[in-house]
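Work through these exercises with the structure open. Try each task before reading its solution.

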Amino acid sequence: MSFWDLLKPGWKHPDPKERIRSVSRMKSKIVLMDVYEHDNVAVVRAAVASRLNDQELLTVIAENDKDYSVRKAAYMQLTQNNLDKLTNQGYIADVAKYDKDSEARKEGVKKLTDQALLADIARNDEYWRVREAAVKKLTDQALITEFAKYDDDSSVRIAAVEKLIDQTLLTEFAKYEKEWPIRVAAVEKLTDQTILVNLAKYDEDSDVCKTAVKKLTNQVMLADIAKNGRLFCGRCAAVEKLTDQSILADIAKSDKDFYVCETARSRLSMLNKE
C-alpha cells in the first residue's frame, strides 16, 4: 500500500474489508450511493445496501443489481429481514433458487408463483423440504405425476400424491406402491367405494387397511369387512363405525378374534350410552 493510499478516505481504500468498515460508519446517502455506483466488489455494495434507508433506492438495488448477495442485502433492508414481507417475484425467485440457507429457499418457494421455476426447483434442489414445498405449489398434473413416481424422497412423493386427481393413477399407487406411507396418501384421495372395500378387506398393510375403512360409510360394506376382513386391525376399525346393534352383538358373541370381540363390546356400550 502506497503513502497516497493512506491519504484516501476509507471507502476508497484498496482493501475491500477497509471499505466495508468505512461504509459501516457512513451516514451520508450521497456518499453511500457514490460507493455503490463505483465499487465493483459485491460485498462492499451489499454493505452499502445494508446502510441505506431510502426505500426507492433500495428497491432499485434489490431488483437490478447484478449480484444476488447485493440484491438480497437490499431486500432484507427493505423488509427488515422479514421474508413474509417479500412481494417482488424476481427477488423471491432468487431466494428460492440460490439462497445458501435451505429454510430461506423453502420460504421463498412458498411465495413463488412461477410454475416453470417451481418445477425446476422441485427437480434439482438438494434439500427434500425445498422440493416438497415446490411440489405443493405445482398445478400441472403431468409434472405432479412425475414427482409422485420418481422423486428420491418419500415425503416429496407423498406431497405429489396428495395433489393427484386421476383416480386410476391413485388406485395404482394405493395397490402397487412399495412404500406404505405413499400408499396411505393415495388411499386418502380415493373415492371409489368398491376399490376402498377391496383394500380394507384384503390388503396386507394395516395402515392401508385402516385408512380405507375410514373412507367408508356404507354399513353393509363395513359389516362385511368387520366379519370377513383379512387383518384384525381393519376389522376392528370397521366395527368402530358400525351402528347396527344386532350385528355388533353377533360379532361380540361369536367372532373368533379376541380384539374384534372386545371392540364390538366397547362399541355396543358406547351406543347404549348415547
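## Exercise 1: A loop residue inside

Leu 190 has a relative accessible area of 1% and is buried. The model is a predicted one.

**Task.** Find where Leu 190 lies, and list what Leu 190 touches beyond its neighbours up to four places away in sequence.

**Solution.** 
1. Start with the location. Leu 190 sits in the loop between α14 (180–189) and α15 (193–202).
2. Recall the cut-off. Buried means under 20% relative accessible area, and Leu 190 has 1%.
3. Now collect the contacts, leaving out residues up to four places away in sequence. Leu 190 touches Gln 167, Leu 170, Thr 171, Ala 174, Ile 195, Leu 196, Leu 199 and Lys 215.
4. From Leu 190 to Glu 63, 127 residues away in sequence, the C-alpha separation is 45 Å.

## Exercise 2: Another loop residue

**Task.** Decide whether Tyr 127 counts as buried, partly exposed or exposed.

**Solution.** 
1. Tyr 127 is in the loop between α9 and α10 (128–137).
2. Read the accessibility. Tyr 127 has 24% relative accessibility, so it counts as partly exposed.
3. Look for partners, leaving aside neighbours within four places in sequence. Tyr 127 contacts Ser 102, Glu 103 and Arg 105.

## Exercise 3: The faces of α5

**Task.** Where do the buried residues of α5 fall, seen down the helix axis?

**Solution.** 
1. List the buried residues. In α5 (residues 55–64) they are Leu 58, Ile 61 and Ala 62.
2. Look down the axis of α5. These buried residues fall within an arc of 100°, so they line one face of the helix.
3. Turn to the other side of α5. Glu 56 and Asn 64 are exposed there.
4. Find the cover. The buried residues of α5 are covered by elements including α3 (29–38), α4 (42–51) and α6 (68–79).

## Exercise 4: Two helix pairs

**Task.** Describe how α5 packs with α6, then how α11 packs with α12.

**Solution.** 
1. Take α5 and α6. Their axes are 7 Å apart, at an angle of about 145°. The crossing is left-handed.
2. Name the residues in contact. α5 gives Gln 55, Leu 58, Thr 59, Ile 61, Ala 62 and Glu 63, and α6 gives Val 70, Arg 71, Ala 74, Tyr 75, Gln 77 and Leu 78.
3. Sort them by class. There are 7 nonpolar, 3 polar and 2 charged residues in the contact of α5 with α6.
4. Move to α11 (residues 141–150) and α12 (residues 154–161). Their axes come within 7 Å and cross at roughly 145°. This crossing is left-handed.
5. Name the contact. It involves Ile 144, Phe 147, Ala 148, Lys 149 and Tyr 150 of α11, with Arg 157, Ala 160 and Val 161 of α12.
6. Sort again. The contact of α11 with α12 has 6 nonpolar, no polar and 2 charged residues.

Key: Residues are numbered from 1 along each chain as its sequence is written. This is a predicted model: local features need pLDDT of at least 70, side-chain atom pairs count only at pLDDT 80 or more; totals for chains, interfaces and linings use all residues. Side-chain values use heavy atoms; hydrogens and water are left out. Axes are lines fitted to C-alpha atoms, for helices over the stretch in contact, and angles run from 0 to 180 degrees between N-to-C directions. Helices (H or I, at least four residues) and strands (E, at least two) are DSSP runs, numbered from the N terminus. A crossing is left-handed if the near helix is turned anticlockwise from the far one by less than a right angle, and right-handed if clockwise. Contact means heavy atoms within 4.5 Å. Ala, Val, Leu, Ile, Met, Phe, Trp, Tyr, Cys and Pro count as nonpolar, Asp, Glu, Lys and Arg as charged, and the others, Gly among them, as polar. Buried means under 20% relative accessible area, exposed over 50%, partly exposed in between (1.4 Å probe, protein chains only). The arc is that of the directions from the helix axis to the C-beta atoms.
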